[in-house]
Each structure stands twice: as structure tokens, then as C-alpha cells.
Amino acid sequence: MRFILVALLTSTLLILSGCGNKSQRPAGLAESDQLHTKTQSESAEIRQEPQAKLSDLSKPATTNVSFNQANAANEASQAIERKIIRNGNLTVEVASPLEGQRKISSIAESHGGFVVTSEMTQQTSEVNSKPSVSVNLIVRVPATQFDSVVQEIRAAGSRVLQEKRTGQDVTEEFIDMEARIKNQRALETQFLEIMKRAGKVEEALEVQRQLAEVRTEIEKLEGRKRFLENQASLSTINVTLQTPTQIVNAVGFWYNVKSAFADGVDVAAAIVLFLIRAIIALLPIVIFILLPVALIAKSVVGRWRRRRPLTTGSHEPEAA
């Protein structure tokens, strides 16, 4: 009996210990599962953090790229500034052309320009004894001040008789000049490298000849480019200042008498000029044709007269 009781107690303890172990193992597994899940979540968070940082960095990078592209486009548009040659012609009536000349000079200098040439002419009118004075000016002013200078020149006179403005866009030609100069510079560099490697004198001379042609072309292109820059940066204005034209009343008796007398003088002068021209035209004929003929005729008549008395004297004795 004791053996049976000991066996039952032992089996009962074994069963109770097995149940305790079974009840403890799921808890450990649960804790390990929770720990594994936590570790996976933390690792996922750790993996997501760089991706989030990369995404955050990629957004500003895209913005910076677009901003840089916009800046590059603006710089390109500013670099390709349009080159327009603007010129003007003005004819203005002023009371005193000399005073107007001084005003135009001061206007040009106040806007950063200058007077290239200045020419004054006087013309005497047949109706009015007072001569009319006209002044021709060529002014160069900055292209940005072109409209302002033209308006001030218009205001300096009493009336504008003629105004003309012209504009020529040379942007395409200017860009072409820059590209051609760049190509010629690259060609010059290549020729210099070839000359360093030339082993014969003939080859060096040939390369030098071609290099001289390239440099000549570069100088021509740069000269044309400077000319376009100068013409586009400074506008040319041709100004003519003249006194007001006087209107003469062509009606009245004395005006008709004066016109008739002037017409008579013109006719008489025309007749005198015709006679002078006729005499001058006939003078070579008289000298070279009529005068020799007259001399020959005079000599023939003189000989004939000298022979006539001899013939009459020879016939008289026979008659006796």
C-alpha cells in the first residue's frame, strides 16, 4: 500500500510539474513573440527613417534643380540681350539756328551723348535780302535715352517739319559673330598644338600660314562685333535746324510789274547769251575756213590784175 501511495504521489507531482511547465512555456513564447515583433517593428522603423530622410532630401533637391534651371534660363535670356540699332532724322524750325545748336549740344551732353559733326550753311533768297541760316548736327546718344532726347529736340524748336525713326535688329548677326569667333579660337588652339608637334620646316610654315589666316578672320569678326555693339549701344540722330520760311504775297500791280521787268531782263540776257554763243561757235569757221579762202581769193585777183595790163600792151603795137 505504501508503494502504491508513493507511486500515486510521484505521478501526481509529475503531472503537476508537467502542467506547470506547459503553462510557463506559452508565456515565454508570448514574451519572445512580443520581443520579436517589437524588434521587427523597430527595425522597420529604422529602415523607414533613412527612406524618409532620402525622400525629404529628394524633395529639396528637385526644388533646387528646378530653381537652378530657372536661373540658367534667366541668365541665358539676359545674355542674349537684343541688339537694336536705332537712328532718327529731324528737321526743326527755330528762330535762331545758332542758339538751337547750343541747345542741342547741351541736351546730348546731359544724357551722356555727344555731337559728332556740326555744319552751318547760309542761303540768300531772291525775295528777301536777309540770308537764311541752317545748321546740320549729327548727335550720338545712349540707346536707352533715344526717346527722351528726341522729345527734347522737338520741344527746342517752334515746328517740326520732318521726323523719321528707324530700327534694325542685329541680334541674330551678333550671336552668329560670337559663335564664329569661338570656332575660330578653337581652330587657332588646334593649329598651335599642331605647330608644337611639327617635325619639318615645311609643315611648320604651312601651319603658320593657316594660323595667320585664322587670326585675320578672328580680327575681322571681332571688328564687326565691336561695330555692332557700338551702333546698338549709341543711337545716331541727324538734326537739321533752319529758320522759318517766309510766305511772300504774290498779288498786286507792282508785283506784276516787277515780274514783267524780271522776265524782260531774262529774255534780253538770253538773247545776248545766244549771240555770244553764236559768235564763239562761228569764230573757228571764220579763222580756219573763210579767212584762208579770202586770202587765196585776194592773191588770185591781184595776179589777174597784174597780168591784164601786159596783155593790153602787147596788142596795141600790132594795131598800129
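Helices (H or I, at least four residues) and strands (E, at least two) are DSSP runs, numbered from the N terminus. The model is predicted: local features need pLDDT of at least 70, side-chain atom pairs count only at pLDDT 80 or more, and totals for chains, interfaces and linings use all residues. Residues are numbered from 1 along each chain as its sequence is written, and side-chain values use heavy atoms, with hydrogens and water left out.

The protein contains 6 helices and 5 strands, arranged along the sequence in the pattern α-β-α-β-β-α-β-α-α-β-α. Of its 320 residues, 16% are buried, where buried means under 20% relative accessible area, exposed over 50%, and partly exposed in between (1.4 Å probe, protein chains only). The accessible surface, computed by the Shrake-Rupley method with a 1.4 Å probe and with only the protein chains shown counting as cover for residues, comes to about 24,600 Å². Carbon and sulfur atoms account for 60% of that surface. Contact is defined as heavy atoms within 4.5 Å; among contacts between residues at least 6 apart in sequence, 79% join residues at least 24 apart.

Helix H2 covers residues 97-110. Its 14 residues reach 20 Å from first C-alpha to last, close to the expected 20 Å, the expected span being 1.5 Å times one less than the number of residues. Buried positions in H2 are Pro97, Gly100, Ile104, Ile107 and Ala108. Seen down the axis of H2, these buried residues fall within an arc of 95°, so they line one face of the helix; the arc is that of the directions from the helix axis to the C-beta atoms. An α-helix has 3.6 residues a turn, so residues three or four places apart point the same way. The face of H2 turned away from the buried side carries the exposed residues Arg102, Glu109 and Ser110. On the buried side, H2 packs against strand S2 (114-123), strand S3 (132-142), helix H3 (146-156) and strand S5 (234-242).

His111 lies in the loop between H2 and S2 and is buried, with a relative accessible area of 17%. Not counting residues up to four places away in sequence, His111 touches Pro142, Gln145, Ser148, Val149 and Glu152. Gly112, which also follows H2, has a positive phi, near 85°.

Helix H4 (residues 171-197) has 27 residues and reaches 40 Å between its first and last C-alpha atoms, close to the 39 Å expected. Its buried residues are Thr171, Phe174, Met177, Ile181, Gln184, Glu188 and Phe191, and their cover includes strand S4 (159-169) and helix H5 (201-233). Within H5 is Leu211, which counts as buried at 4% relative accessibility. Leaving aside neighbours within four places in sequence, Leu211 is in contact with Glu188, Phe191, Leu192 and Met195. The C-alpha atoms of Leu211 and Leu192 are separated by 7.8 Å, although the two residues are 19 residues apart along the chain.

Helix H6 (residues 253-319) includes Ile285, which is partly exposed at 40% relative accessibility. Ile285 belongs to a nonpolar surface patch together with Leu282, Leu283, Val286, Ile287, Phe288, Ile289, Leu290 and Val293, with about 850 Å² of accessible area together. Patches are made of residues with over 30% relative accessible area and no salt bridge, with like charges joined within 9 Å and nonpolar side chains (Val, Leu, Ile, Met, Phe, Trp, Tyr) within 5 Å. A salt bridge is a side-chain nitrogen of Lys or Arg within 4 Å of a carboxyl oxygen of Asp or Glu.
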